[in-house]
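Please read this briefing alongside the sequence and the 3D structure. The points are grouped by topic.

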Amino acid sequence: MRKEIVKLENVSAEYGGNTVLHGHELTVYSDDFIGIIGPNGGGKTTLLKVILGLVKPATGSVTVFGTSPDKVRNRIGYVPQMMEVERDFPINVLDTVLMGRLCHKGLFKRHTKKDYEKVEQALDAVEMSDMKDRKTGDLSGGERQRVMIARALASEPELLLLDEPTASIDPKIKTDIYDLLNSLKKQMAIILVTHDIGVISSHVDKVACLNCQLFYHNSKEIPKEALETVYQCPVDIIAHGTPHRVLKEH
Amino acid sequence: MIEALQFEYMQNALIAAVLGSIACGIIGTYVVVKKIGYISGGIAHASFGGLGLGYFLGVDPMICLMPFSLVSAWTIGLISRKGNVSEDTAISILWTAGMSMGVIFIGLTPGYAPDLLSYLFGNILTVPRSDIFIMAGLDLFIFTAVFFFYREFLAVSYDEDYARASGINTMFFYLFLLTLVALTVVMLIKIVGIIMVIALLTIPPSIAKQYTINLKSMMILSVILGIVFTIAGLWVSYMLDLASGATVIILLVAAFLISAMIKKIKG
């Protein structure tokens with residue numbers, strides 16, 4: 001059944017004193033796999049943080065699973081932008097992924113057998129089970145991204161949010177990550193943001209453009225005008241032909 | 001050294017070295033991985049105001065030290081998260097405001113301020129038995145807090161945004177962590193003094209970090225390193241008649257350099 005999962009109505013938000021989102025409308029359904037593209041500084045991360053409830057919108061309303069985001073945190077999985085995660089932090093893969101179980105725990109509760117089972121399943125899903133005793137910071141970019149996705153999966157999310165999951169990862173691994181997300185989309189709604197227009201279109205089902213304003217057409221095609229408004233300059237056509245095309249025939 | 005052990009002040013010094021190392025190994029680990037060394041330095045220096053107030057009121061300076069360090073920890077924490085001032089600026093202001101208040105209070109106090117230097121530079125040989133009990137109590141509190149909230153402190157240290165997205169009250173745990181830092185600072189002031197507290201908080205965990213891949217083992221190794229180097233420093237200072245706090249720090253710095261070089265050579 002197609003359920004409404006995220007609903008943004010007239011949402012504006014500020015970040016560091018600048019208005020980065022202007023009057024956003026966005027509805028995400030339970031079977032959606034949406035890619036949001038836009039230039040750096042266009043408010044993509046802020047949009048995700050609004051959906052997560054980490055940034056309160058200045059105007060408008062955000063509902064996630066029919067309620068406010070902070071009430072449903074145990075149903076949202078989050079894969080933050082990789083730069084923010086410390087590389088020389090002394091932590092191994094298993095403990096990193098265990099953090100994904102925190103949203104299901106109250107204070108003073110120890111980890112249970114079920115927590116470890118969920119972590120094992122999540123590591124299996126991203127094919128990182130044999131790395132679980134390695135130091136997370138020692139892994140390659142692609143491997144660390146898998147660990148971060150596993151951490152989000154361990155929380156058994158119904159909505160998965162990813163911030164630039166393929167930034168600074170080589171093309172071969174990028175495809176692997178998109179394949180992984182494709183295999184997950186039957187179980188959860190997925191929203192990912194990226195500035196990487198080239199690759200995204202072949203993998204996601206719907207594309208939105210964001211640069212302070214949001215253009216969302218409920219399809220994979222974006223009118224060239226929308227892209228030019230978003231990037232504020234003439235945009236070269238980056239579509240790579242059938243069957244994966246972001247832009248209309250022109 | 002062995003014959004010195006019959007003196008109560010030497011026994012106290014050794015116990016204080018062990019108790020102080022336990023607190024600074026556990027809390028110093030968080031200070032290092034969360035990179036709040038400068039905040040810790042700010043808390044330590046700001047508490048000098050409490051010391052001055054203690055002299056002025058004619059009570060044991062230790063009594064005023066703790067509330068001062070706690071209030072400065074919370075102020076730095078709250079201003080840096082909620083205010084429009086950057087963390088860096090907040091620390092600099094509190095650091096100097098506390099020290100200035102201390103200087104003024106001491107100036108207003110008639111006569112000479114006894115032991116002032118031992119608070120600034122530490123003198124482990126003057127730790128009284130009563131302080132040993134306070135230190136043991138603080139150790140117990142710190143250990144219990146970290147035992148029960150290990151996962152929360154880990155999440156807040158590793159990735160605060162993710163922790164918040166998981167429903168953890170990150171503001172509370174951040175302030176709680178700064179509270180534990182403030183308590184540790186008070187303990188360590190007797191050993192190495194206000195000025196050198198951050199060395200004891202950061203150097204043993206920084207060495208331990210090079211050899212461990214999780215926080216628990218980093219804490220255990222830091223505690224061991226702390227105990228070894230404070231006792232070694234105590235012994236060297238006793239043999240050569242040097243200032244104990246400064247000797248401990250110099251040994252730690254030397255150990256850090258050697259360890260970093262070994263790591264570098266090994267690749």
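Helices (H or I, at least four residues) and strands (E, at least two) are DSSP runs, numbered from the N terminus. This is a predicted model, in which local features need pLDDT of at least 70, side-chain atom pairs count only at pLDDT 80 or more, and totals for chains, interfaces and linings use all residues. Residues are numbered from 1 along each chain as its sequence is written, and chains are lettered from A and ligands numbered from 1 in the order in which they are written.

**Confidence**
- The predictor assigns the complex an ipTM of 0.83 and a pTM of 0.87.
- The average pLDDT (the predictor's confidence in each residue, from 0 to 100) of chain B is 91, and 99% of the residues score at least 70.
- Among the elements of chain B, helix 12 of chain B has the highest mean pLDDT (95), and helix 6 (residues 116-121) of chain B has the lowest (85).

**Chain A as a whole**
- Chain A has 7 helices and 9 strands.
- A residue is buried if 20 or more other C-beta atoms lie within 10 Å of its own, exposed if 12 or fewer, and partly exposed in between, with C-beta atoms placed from the backbone.
- Of the 250 residues of chain A, 44% are buried.
- Two residues are in contact if their C-beta atoms, placed from the backbone, lie within 7 Å.
- Among contacts in chain A between residues at least 6 apart in sequence, 67% link residues at least 24 apart.

- A:Phe65 sits in the loop between strand 4 (59-64) and strand 5 (76-79) of chain A.
- Because A:Phe65 has 18 other C-beta atoms within 10 Å, A:Phe65 is partly exposed.
- Leaving out residues up to four places away in sequence, A:Phe65 touches A:Ile5, A:Val72 and A:Arg75.
- A:Ile5 and A:Phe65 are 60 residues apart along the chain, and their C-alpha atoms are separated by 4.8 Å.
- Most residues other than glycine have a negative phi.
- A:Glu127, which is not a glycine, has a positive phi of about 60 degrees.
- A:Glu127 is in the loop between helix 3 (113-125) and helix 4 (141-154) of chain A, and is partly exposed, with 13 other C-beta atoms within 10 Å.
- A:Glu164 also has a positive phi, near 50 degrees.
- The loop between strand 6 (159-163) and helix 5 (171-184) of chain A holds A:Glu164, which counts as buried because of 22 C-beta neighbours inside 10 Å.

**Helix packing in chain B**
- Axes are lines fitted to C-alpha atoms, for helices over the stretch in contact, and angles run from 0 to 180 degrees between N-to-C directions.
- Angles under 35 degrees count as roughly parallel, over 145 as roughly antiparallel, 65 to 115 as roughly perpendicular and the rest as oblique.
- The axes of helix 2 (residues 37-46) of chain B and helix 5 (residues 87-108) of chain B are 7 Å apart, at an angle of about 20 degrees, so helix 2 of chain B and helix 5 of chain B are roughly parallel to each other.
- Helix 10 of chain B and helix 11 of chain B have axes that come within 8 Å and cross at roughly 110 degrees, so helix 10 of chain B is roughly perpendicular to helix 11 of chain B.
- Helix 11 (residues 197-209) of chain B and helix 12 (residues 215-240) of chain B have axes that come within 8 Å and cross at roughly 125 degrees, which makes helix 11 of chain B oblique to helix 12 of chain B.
- The contact of helix 11 of chain B with helix 12 of chain B involves 9 nonpolar, 2 polar and 1 charged residues (Ala, Val, Leu, Ile, Met, Phe, Trp, Tyr, Cys and Pro count as nonpolar, Asp, Glu, Lys and Arg as charged, and the others, Gly among them, as polar).

**Helix 8 of chain B**
- Helix 8 of chain B is largely enclosed by the rest of the structure, because 8 of its 9 residues are buried.
- The buried residues of helix 8 of chain B include B:Arg151, B:Glu152 and B:Phe153.
- Among the elements that cover these buried residues are helix 1 (8-33), helix 7 (129-148) and helix 10 (170-192) of chain B.

**Where the chains meet**
- In the contact between the chains, 19 residues of chain B meet 19 residues of chain A.
- Helix 8 (150-158), helix 9 (160-165) and helix 12 of chain B each give two or more residues to the side of chain B that touches chain A.
- Helix 9 of chain B gives the most to that side, with 4 residues.
- By class, that side of chain B has 10 nonpolar, 4 polar and 5 charged residues.
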